[in-house]
Structures are given as structure tokens and as C-alpha cells.
Amino acid sequence: MGNRENFGSRRAVIYAMAGSAIGLGNIWRFPYMAGEHGGAVFVISYIVATLLVSLPVFIAEVTIGRRSRTSSYTAMRRLDPAHKAWRWAGLLSIFIPMVILCYYSVIGGWSLFYLFKACAFDFVGTSPEAAESLFGNFISSTWTPVGMHLVFLAVCAWVVARGVKSGIERFSKLTIPSLFILVVLMIAYSLSLPGASQGVRYLWHPDLSALNVKTFVYAMGQSFFSLSLGMGAIITYGSYVKSEENLVVSSAGTAIFDLMFALLAGMAIMPAIFAAGIKPGVGPGLIFQGIPFIFSSLGTRLPVVSSITAILFFLAVVVAAMTSVISLIEVGVAFLGERFGVARPKACTLIFLICGAVGVLCSLSFGPLSGFTLVGKNLFDLFDWFASNVLLLLMSFIVVIFVGFFMKKEDVWDELTNGGRKTLNAKLFNIIYFLIKWVAPVCVLSIFVTNFIL
Ligand code: PHE
């Protein structure tokens with residue numbers, strides 16, 4: 001294990017993990033999920049789920065990763081060789097990111113298309129109706145979205161092929177701060193639009209009659225998705241964290257960063273959605289219909305500023321999506337390398353070919369293949385639902401049960417305190433341990449079950 005690459009510093013760890021966590025989940029998925037599931041009640045459920053359940057699961061995953069110092073496929077078996085069944089958990093942790101990769105990179109492709117549109121100054125003067133039909137026509141067409149998805153995935157695979165340090169680390173350090181600044185600027189503008197206050201109300205004033213179990217199910221699924229949990233990504237990244245690093249601090253830092261980012265993205269988008277008169281529950285197209293409206297209305301006042309901001313914004317979205325996709329690919333690459341000795345570039349090519357091909361089907365499910373539905377969902381929605389509301393919960397459940405019941409408590413203490421060297425308050429440790437061992441499994445299991453009953 002001596003030659004395993006490590007992240008350089010604390011900041012690098014948080015940036016790389018935040019780079020995986022912050023992505024389309026925050027900018028694209030969170031606003032539309034909140035819009036579909038009652039606004040503020042969803043937002044509050046999401047915050048509670050993140051702090052109470054996802055953060056402990058996150059800590060459990062990095063603990064497994066760093067203690068085993070291996071890919072998520074072998075991690076649990078290495079820590080508990082007595083039970084062969086962990087092998088299946090390992091396989092699941094490789095399978096899930098590959099499922100997500102297939103459809104996530106389709107959205108990455110959409111963002112790329114919007115970046116090109118922004119570069120062509122196409123948003124200046126678009127009406128909300130035009131933005132809506134641009135989006136509808138684009139996703140239901142055949143070649144452009146497929147091409148965009150493939151280009152996007154190919155670039156990500158190329159970055160991963162270059163390795164952890166030079167590729168992933170450098171990439172994330174640069175992009176996360178820029179995205180942050182852009183979103184804050186967009187909030188300022190979005191809030192100044194007429195009718196924006198309704199959007200703010202929608203996000204922050206809970207209508208308790210809209211609260212139901214489904215809201216929680218989706219909020220927890222969203223929270224896991226957003227923190228890249230339940231799919232080996234954080235286990236794999238955990239294995240690159242140096243032994244002197246304080247795991248609790250880096251995990252909490254990443255979770256809070258990610259949470260804030262989703263809320264900020266919501267604040268940038270929702271007021272604009274209301275100002276444009278778009279219904280918040282339109283689904284996956286929400287930001288692609290809402291954001292152009294911000295730029296078109298800004299464009300009538302300040303065309304140059306609007307065009308530049310639009311370009312920078314979509315560039316940042318593309319890059320945020322890339323850092324997430326990179327971490328998805330990294331899970332597969334680490335597996336293929338350690339299990340079969342496949343070299344990085346070859347592993348990247350293989351993943352590109354398989355996930356690229358399945359992704360093409362997901363992309364076409366908005367157009368030529370829209371007739372293929374199962375339980376009322378097209379292929380894309382089916383992948384998304386199955387991954388976030390079934391697979392992620394299942395894998396997260398396994399992870400917390402593993403740490404809570406199959407790892408010795410002393411080992412978890414040892415890992416979280418770096419062999420007793422880092423002063424992690426014993427009381428805080430006990431709270432975290434209790435959340436991992438009891439609260440998280442009970443919540444995840446009950447939500448998993450209700451998901452099927454609903
Ligand atoms: N967490 C990422 C996001 O919010 C998505 C992702 C999932 C990335 C799983 C890596 C692994 O967009």
C-alpha cells in the first residue's frame with residue numbers, strides 16, 4: 001500500500017471531497033426536488049436529514065476508507081475478513097456509481113450545451129416561453145444531447161486517466177471557489193427581480209400541510225445523493241486521506257459546505273423561477289428553464305454583464321458536474337486497478353464505453369425512446385429514482401451497520417482520533433457513534449421500507 005497516492009493537505013481533502021459532493025445534485029437536483037416536494041418542508045427535511053443522518057454516514061464512509069486504505073470493493077472485506085459476504089457490499093459499491101454515471105453525465109451534457117448557448121449570447125432577450133421551448137426541443141432531439149453527453153464523459157474520463165493528484169486535486173481547488181462566488185452574485189440579482197419574494201417564501205415558509213412521509217424519503221435520498229454517499233465515492237476518497245488528517249473536521253466541513261451550497265443554489269434559482277412565472281414543480285428541467293430567464297432579464301439592462309455572467313455560470317456548472325463525475329469514475333478505476341490490475345487509462349476507456357452507451361439510452365428516453373416507460377417513469381427517471389431512493393439507501397445502511405456492529409468501537413475511536421493523537425472530545429465521539437450505530441440505520445431502514453409501501 002506504500003505507493004498509494006494521497007491528497008496533499010487538509011484544504012485539498014475538503015476541496016476534493018466537496019468537489020465530489022458539490023455538483024449537479026446541488027445546482028440542478030436540489031432546486032427541482034424542492035420544487036416538486038413542497039418547497040420549505042422539503043428544505044427543512046433536507047437540512048435535518050443531512051445533519052442527523054448523512055453526516056454520520058459520511059464519517060462512517062471515510063472511516064472505512066482510511067482504515068482499509070483500499071478501493072470500496074475490498075474495503076469492508078479487508079477490515080472484517082471473517083465474513084465473505086462483504087464482498088457483495090463491495091460489488092454494490094462499484095455498481096451504484098456506474099448506474100449514476102450513466103444518467104448524470106447526460107445532465108452534464110445538457111449543461112455543456114447551455115454553456116455553448118451562453119457563449120453564443122443566446123440568452124439575451126429570451127422570454128420564459130422561449131427558454132421553455134428551447135429546453136423541450138433540445139432534450140427531445142436525438143443527436144445533440146447524445147453528442148454532448150459523450151463529449152462531457154470523455155473529457156472527465158481523460159482527467160481521471162491523468163491520476164489523483166495532478167487531475168482531481170488541481171481541478172477542484174480551482175473551481176469550487178469560483179462557483180461559490182458566481183452563485184452569490186446570482187442570488188443578489190435573482191432577488192432583485194419583480195416577484196422574487198414569492199420564491200423566497202416558497203423556500204423558507206413551510207406549509208405544513210405539504211409535509212408527508214414522501215417528503216422525507218425524497219429529502220433523505222437527495223441528501224445522500226448530494227453528499228455522494230452510499231456509492232463508494234467517499235470510501236475511495238477516504239482511502240487517499242493522510243493519516244494525520246482529522247476525519248470529523250473534514251467530514252463536517254464537507255457536509256456543511258455542500259448543504260450551504262444547495263441552499264444558495266436554491267436561493268439563486270427559486271426567486272427567478274417565480275419571477276418568470278414558471279411552476280416550481282416542472283421537474284428536471286427547472287434550472288434549464290429558469291436560469292436563462294435570469295440572464296435574459298439582466299440582458300435587457302446590462303447585455304454585456306449578462307452574457308459574461310451566463311458564460312461563467314454555465315462554465316462553473318459544467319466544471320462542478322465534472323468534479324462529481326470524476327469521483328464516480330474514480331471508484332470504478334480504483335476497483336479495476338486493484339482487482340484486475342487494469343491500468344488507469346484502460347480502465348477509464350472501459351468505463352467510458354459502457355456508461356457512455358447506457359447513457360445514450362437515458363438521453364434518448366426524453367426523445368425517440370420516450371415511449372418506453374416502467375411504472376410511469378422513462379428510463380432516465382427510472383435510473384435516478386432507483387439509484388437515489390433505493391440503491392443509495394441500501395448501501396448507506398450496509399455502511400453504518402458495518403461500522404456500528406462489525407468494527408470494534410476502539411477501532412472507530414482509533415481512526416477518528418488518529419490513534420488517540422487528535423483530541424476528539426469523548427462525548428462528541430459517543431454522540432457520533434450513537435448516530436452511526438442506531439439513528440442512521442433506523443432512519444434509513446424505515447425510509448427504505450416506506451419507499452416501497454408508498
Ligand atoms: N454528489 C454529487 C452531486 O451532488 C453527485 C455524485 C454522486 C457525485 C455520487 C459522486 C458520487 O452532484
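The model is predicted, so local features need pLDDT of at least 70 and side-chain atom pairs count only at pLDDT 80 or more, while totals for chains, interfaces and linings use all residues. Residues are numbered from 1 along each chain as its sequence is written, and side-chain values use heavy atoms, with hydrogens and water left out.

**Surroundings of the ligand**
- The ligand is surrounded by 15 residues, the closest being Ala-21, Gly-25, Tyr-104, Phe-225 and Met-231, where a residue is near if one of its heavy atoms lies within 4 Å.
- This shell divides into 7 nonpolar, 8 polar and no charged residues, with Ala, Val, Leu, Ile, Met, Phe, Trp, Tyr, Cys and Pro counted as nonpolar, Asp, Glu, Lys and Arg as charged, and the others, Gly among them, as polar.

**Atom pairs between ligand and protein**
- A nitrogen atom of the ligand lies 2.8 Å from a backbone N or O atom of Phe-225, and a backbone N or O atom of Ser-226 lies 2.9 Å from a nitrogen atom of the ligand.
- In the side chain of Asn-26, an N or O atom is 3.4 Å from an oxygen atom of the ligand.

- Among the 14 residues that line the largest cavity, Ser-20, Tyr-104, Phe-225, Ser-228 and Ser-324 lie nearest its centre; a cavity is a set of points, on a 1 Å grid over the protein atoms alone, where a 1.4 Å probe fits but cannot get out, and lining residues have an atom within 4 Å of a point.
- The lining of the second largest cavity includes Phe-121, Asp-122 and Ser-306, and by class it has 5 nonpolar, 2 polar and 1 charged residues.

Definitions and conventions. A polar contact is a pair of N or O atoms within 3.5 Å; within protein, one must be able to donate a hydrogen and the other to accept it, and residues adjacent in sequence count only if both atoms are side-chain atoms. On a 1 Å grid over the protein atoms alone, a cavity is a set of points where a 1.4 Å probe fits but cannot get out, and a pocket is an open set with protein on both sides within 12 Å along at least five of seven lines; lining residues have an atom within 4 Å of a point.
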